[in-house]
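Trainee: I have just opened this one and would like a short walk through it. Can we take a few spots in turn?

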Amino acid sequence: MKFVFIILHFCAVDSTIQTIESLRSLKHFDKSEVIVVDNGSWDHSGLTLKNKYHGIPNIHILLSSVNHGFARGNNLGYQYARKHFSPDFIIILNNDVLMTQRDFLCRVQILYHKQHFHVLGPDIQTPEGRHQNPHRIHPFTLKDVNRILRNRSIILCYLKLKRRLHLEEQVQFIEKWDTRRAAEERNGVRWDKSSRNVVLHGSALIFSKDFIMREKNAFYPGTFMWMEEEILNYLCMQKQYTLLYSPSLSVLHMGGKSVDSTIGHFDKYLIYSQCLKQSALALKHLMLRGEK
């Protein structure tokens, strides 16, 4: 079976190289393809990768002059894979995810033959021992999305006021509230048991041919960053696709390697809040359209 890996790269070249090299340690890697999408890296590190892997026939570096965000950036690689390789599986990885099972590809095939899935999520562990999958048991409802929009609008007003008063460093309590809220939303998550139709974490996703043959994009292209997992879950449920989480697959997620180090902490949180609100609006529009 044909496997294609897609890695979205932005500036953190050492991290991306570690991810590629971990793929090259897999059994049957020589029968796989790797597509790295350089998402408009300002440091020209996409060219560094292109030069490093020049002459290796199954590693392909796509250079984009624009940062398309998470969904559209990954979709560039997904569309390239569909057009050039006719894959049985497309595996989308963050550029800070490392493979820890040499027989990973064999395990994916076994799972597919036993449980025909459209999208599969592995156990995603952090170096601290946290398990990030399933991302959430219950998908967001329209009421949840409206709550996110209301809260994020208030937070954005608060952040703009802090900037006007030159108090950018004093936003810790809002971030702590965000952390508590995220933890509460994951109450009841069991990482040690297989589960179906849960919200899967977006740092490592496996799309089977059942999905690939029907869908031109991996992700809904109307967002820049955040909530791609929730939107993917919503659209899959609308189409009666099967989302599967299995702890028999495992990867290591190093975490947060593609963040631009030139951006300050306050600005990162401001961008997060703006993107989260934009993504929640996109999900709300999809939900309202689905109700008609």
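Mentor: Start with H135, in the loop that joins strand 6 (119–125) to helix 5 (142–164). Keep in mind that this is a predicted model.

Trainee: Is H135 buried or exposed?

Mentor: H135 has a relative accessible area of 18%. That is under 20%, so H135 counts as buried.

Trainee: Which side chain does the side chain of H135 make a polar contact with?

Mentor: That of E230, at 3.3 Å. Leaving aside residues up to four places away in sequence, H135 touches R186, V199, L200, H201, E229 and E230.

Trainee: What about the peptide bond from N133 to P134, cis or trans?

Mentor: The bond is cis, and its omega is near -10 degrees. P134 sits in the loop between strand 6 and helix 5.

Trainee: On to helix 5. Where is V145, and what does V145 touch?

Mentor: V145 is in helix 5. Not counting residues up to four places away in sequence, V145 touches F140, A280, L283, K284 and M287. V145 and A280 are 135 residues apart along the chain, yet their C-alpha atoms are separated by 6.0 Å. V145 has 0% relative accessibility, so V145 counts as buried.

Trainee: Now the second largest pocket. How much space lies in it, and which residues line it?

Mentor: The space in the second largest pocket is about 170 Å³. Its lining has 13 residues, with E215, N217, Y220, L235 and K239 nearest the centre. By type, the lining divides into 9 nonpolar, 1 polar and 3 charged residues. Helix 8 (residues 228–238) gives the most to that lining, with 3 residues.

Trainee: Last one: what is the phi of M227?

Mentor: Phi of M227 is near 70 degrees, a positive value in a residue other than glycine. M227 lies in the loop between helix 7 (209–212) and helix 8, and M227 counts as buried at 5% relative accessibility. C11 also has a phi near 70 degrees, and C11 is in the loop between strand 1 (3–9) and helix 1 (13–24).

Notes: Residues are numbered from 1 along each chain as its sequence is written. This is a predicted model: local features need pLDDT of at least 70, side-chain atom pairs count only at pLDDT 80 or more; totals for chains, interfaces and linings use all residues. Side-chain values use heavy atoms; hydrogens and water are left out. Helices (H or I, at least four residues) and strands (E, at least two) are DSSP runs, numbered from the N terminus. Buried means under 20% relative accessible area, exposed over 50%, partly exposed in between (1.4 Å probe, protein chains only). A polar contact is a pair of N or O atoms within 3.5 Å; within protein, one must be able to donate a hydrogen and the other to accept it, and residues adjacent in sequence count only if both atoms are side-chain atoms. Contact means heavy atoms within 4.5 Å. On a 1 Å grid over the protein atoms alone, a cavity is a set of points where a 1.4 Å probe fits but cannot get out, and a pocket is an open set with protein on both sides within 12 Å along at least five of seven lines; lining residues have an atom within 4 Å of a point. Grid points are joined across faces, edges and corners, and a volume is the space filled by probe spheres set on the points. Ala, Val, Leu, Ile, Met, Phe, Trp, Tyr, Cys and Pro count as nonpolar, Asp, Glu, Lys and Arg as charged, and the others, Gly among them, as polar.
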